[in-house]
Amino acid sequence: MSAMSRKIRVGVLFGGRSVEHEVSLQSAKNIVDALDRKKYDVVLIGIDKSGRWTLSRSANFLLNESNPKLIKLNKAAENVALIPGNPTEPLMTVKSADPLGRLDVIFPILHGSFGEDGTVQGLLKLANIPFVGASVLGSAVGMDKDVMKRLLRDAGIPIAKFAVYGRSEATSVRYGDVTKKLGSPVFVKPANSGSSVGIRKVKGEKEWKPAIDEALQFDDKVIVEEAIQGREIEVAVLGNEDPKASVPGEIIPRHEFYSYEAKYIDENGARLEIPAKLPEDVKRKVQGLAVQAFKVLCCEGMARVDFFVKENGEVIVNEINTIPGFTKISMYPKLWEASGISYAELIDRLITLALERFQRESKLKTSYE
């Protein structure tokens, strides 16, 4: 097979140290199943909860794969390491230091900390390997809700009122002082976490301290937001320099808010309405704001932008997710399917975008020589 016609060797990087480890396993399974084996060779790189990188075998890389509550990474796999400085042989076994061949591109499907926050993206850039999704800056900004909201606010994009407290300040601030600025109830969140992890809706003084304590288990910075009464609308964005927005979808939670379990474990935790029933002007507005937020936050490849739409038609950007879920109940692939792009084609496009960006960046000068 010629160099031009050979298969693309894709490393699917999944698992990780974050609290969203199991979600990543579900997403990875869907992506691996969707990759066209006539076009791609797949290398499965699983990261366990301690941070150990392993080379998994496609036949049994997951245990209990059909049960979201019990799904696990199969640890009976060879320990490997990514070695920067050798782009033709970046993966090596740890025990014998045997090279494991080239990687043309990596698809990181690592949700949350140590995967979605720019850390892995920085490692992959050092290793000179193309990768799917936002680069270092976009990933870090998208993960930090404080920095994200300040950038959106400065760009004139409508957001909810919020306050941010460091660890020492968060434990001493009083609920009454917060509600004077933000009203009641409020949402208390870790500033750096995803998928509704560590989030509580606080309606009174008794709930305040437990919510702060829980958020501080996941981050040293707490963000408190006003509670917005409105429909929960999501838009998927795809592209690099000229990103496009999908049709909007609506989350109709069956719980008080769209929790971690409702997103990834309980198939009956929420109803998805795709496309969302919105007036045409509101539809165009959320699509335009989704693309604007994507650009303002320096994102590339993919992202999901989440909104609240109030009864009067006012649109509020809630947050952006730079590695959205790819589970069977996830919004991102469902939105693109409703927009005319199948799951398999979506994976193809994301890999193509990663390779295009890498080629573009490879032409940039790194010195005056």
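Predicted model: local features only at pLDDT ≥ 70, side-chain atom pairs only at ≥ 80, totals over all residues.
Residues are numbered from 1 along each chain as its sequence is written, and side-chain values use heavy atoms, leaving out hydrogens and water.

Next I looked up contacts, meaning heavy atoms within 4.5 Å. Among those between residues at least 6 apart in sequence, 66% join residues at least 24 apart.

Then I turned to aromatic rings. I found 4 aromatic pairs in a search of the whole structure (rings of Phe, Tyr and Trp, the last by its six-membered ring, pair if their centres lie within 6.5 Å; planes under 30 degrees apart are stacked, over 60 edge-to-face, the rest tilted). Tyr 175 and Trp 208 make a tilted pair, 5.6 Å centre to centre with 50° between the planes. Tyr 175 sits in helix H6 (residues 175–182) and Trp 208 in helix H7 (residues 205–215), so their pair ties together parts 33 residues apart in sequence. Helices here are DSSP runs of H or I, at least four residues, numbered from the N terminus. I see that Tyr 175 is buried at 7% relative accessible area, and Trp 208 is buried at 4%.

My last stop was Phe 326 and Tyr 332, a tilted pair at 5.7 Å and 55°. Phe 326 is buried at 0% relative accessibility, and Tyr 332 is buried at 0% too. Together with Phe 107 and Tyr 343, they form one aromatic cluster.

Note on methods
Helix = DSSP H or I, 4+ residues; strand = E, 2+ residues; numbered from the N terminus. Buried < 20%, exposed > 50% of the residue type's maximum accessible area, 1.4 Å probe, protein only.
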